[in-house]
Amino acid sequence: MTTTKERRPAIEGWFTTGDGDVRLLGTRCGACGTPYFPRNELACRNPGCAGPKDGSELEPYALSGRGRIWSYADSRYKPPPPYVSPDPFVPYTVAAVELEAERMVVLGQVAPGHTVDDLAVGMEVELTEGVLYEDDEAEYTVWMWRPVR
């Protein structure tokens with residue numbers, strides 16, 4: 001008998017998979033529109049912002065789910081704790097992606113099955129959900145980038 005493990009975010013509150021779309025969860029300044037990821041709870045850091053700078057100007061914001069590769073690399077060593085990786089360690093690819101709407105760069109793993117040989121600077125990618133690691137109880141998921149088909 002096969003049982004399906006529960007899927008849980010490895011980092012609670014950093015992304016959502018609602019309606020099948022993966023979106024990063026950040027904040028945005030309501031006064032000037034500056035986006036932040038991860039969430040900024042303190043105050044808008046934009047020096048040109050005329051907002052109150054007390055945190056009341058910040059609102060929850062789901063960032064765009066597409067962008068273009070700004071840079072990418074292989075990760076061939078096992079990161080130190082607190083990072084949790086599969087045992088045995090499996091090398092993976094990371095990409096820094098400039099989000100389409102926000103024009104900010106977000107780092108993330110590239111979905112399994114894609115290597116640096118499949119990527120290029122300027123290539124369009126989209127967010128997806130992938131398993132970072134699993135234990136006896138659950139699969140722990142993160143956002144990942146995959147080339148747009």
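Student: How far apart do the end C-alpha atoms of residues 62-127 lie, and what percentages of the span are helix and strand?

Tutor: This is a predicted model, in which local features need pLDDT of at least 70, side-chain atom pairs count only at pLDDT 80 or more, and totals for chains, interfaces and linings use all residues. Residues are numbered from 1 along each chain as its sequence is written, and side-chain values use heavy atoms, leaving out hydrogens and water.

The end C-alpha atoms of residues 62-127 lie 12 Å apart, and the span is 0% helix and 44% strand. Here helices (H or I, at least four residues) and strands (E, at least two) are DSSP runs, numbered from the N terminus. An unreviewed UniProt entry lists these residues as "domain: ChsH2 C-terminal OB-fold"; such annotations may be inferred rather than shown by experiment.

The rings of W14 and W143 are stacked because their centres are 6.1 Å apart and their planes at 25 degrees. W14 lies in the loop between β1 (6-9) and β2 (15-16) and W143 in strand β10 (residues 138-147), so the pair ties together parts 129 residues apart in sequence. F89 and Y92 form an edge-to-face pair, 6.1 Å centre to centre with 70 degrees between the planes. Y92 counts as buried at 16% relative accessibility, the term meaning under 20%, with exposed over 50% and partly exposed in between (1.4 Å probe, protein chains only).

Note on methods:
Phe/Tyr/Trp six-rings, centres within 6.5 Å; stacked < 30°, edge-to-face > 60°.
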